[in-house]
Amino acid sequence: MIKIRAEPILLDFYMDMVEKQDEIIYRLGKIVARQATDLKLLQNDQAFTDKKLEEDMAIVREVMEQYKETSAELEP
């Protein structure tokens, strides 16, 4: 039987990347849902703005930047 031994640093790195991916997926899901609502309201010719959408977009950009920085560390 072959035993696989993962380095704690590698495991921590992997878990960090997974958390960032989950955060991005969650936030993008919320953004898509809000955009669908916006489109529906625009179709009904109603004015609609959502400041929470802008906040979520900023959070997604920040987490995606962190993800890119972390993945860049892996590249030789």
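Does Lys-20 count as buried or exposed, and at what relative accessibility? In this predicted model, Lys-20 counts as buried, at 12% relative accessibility, because the cut-off for that class is under 20% relative accessible area.

## Overall architecture

The protein contains 2 helices and 0 strands, and 18% of its 76 residues count as buried. Where contacts between residues at least 6 apart in sequence are considered, 75% of them join residues at least 24 apart.

The protein exposes about 6,600 Å², of which carbon and sulfur atoms supply 58%.

## A nonpolar surface patch

Leu-11, Tyr-14 and Met-15 make a nonpolar surface patch of about 320 Å². Of these residues, Tyr-14 belongs to helix α1, which covers residues 8-43, and Tyr-14 is exposed, its relative accessible area being 52%.

Side chains of opposite charge can pair when their charged atoms come close. A search of the whole structure finds 5 salt bridges, and one of them joins Lys-20 to Asp-16, with the closest N and O atoms 2.8 Å apart. Lys-20 and Asp-16 are 4 residues apart in helix α1, so about one helical turn separates them. Whereas Lys-20 counts as buried at 12% relative accessibility, Asp-16 counts as partly exposed at 28%.

Another salt bridge is formed by Arg-27 with Glu-23, where the closest N and O atoms are 2.9 Å apart. Because Arg-27 and Glu-23 are also 4 residues apart in helix α1, they are separated by about one helical turn. Arg-27 is buried, with a relative accessible area of 15%, while Glu-23 is partly exposed, with a relative accessible area of 26%.

## A link between the helices

The side chains of Lys-30 and Asp-56 meet in a salt bridge with an N to O distance of 3.9 Å. This pair links distant parts of the chain, since Lys-30 lies in helix α1 and Asp-56 lies in helix α2 (residues 51-74), 26 residues apart. Asp-56 counts as buried at 0% relative accessibility, whereas Lys-30 counts as partly exposed at 23%.

Salt bridges that share partners bring Glu-23, Arg-27, Lys-30, Arg-34 and Asp-56 together in one network.

Methods. Residues numbered from 1 in each chain as written. Predicted model: local features only at pLDDT ≥ 70, side-chain atom pairs only at ≥ 80, totals over all residues. Heavy atoms only, no water. Buried < 20%, exposed > 50% of the residue type's maximum accessible area, 1.4 Å probe, protein only. Contact = heavy atoms within 4.5 Å. Areas by Shrake-Rupley, 256 points an atom, 1.4 Å probe, with all protein chains shown as cover. Patch = residues over 30% accessible without salt bridge, like charges linked within 9 Å, V, L, I, M, F, W, Y side chains within 5 Å. Salt bridge = Lys/Arg side-chain N within 4 Å of Asp/Glu carboxyl O.
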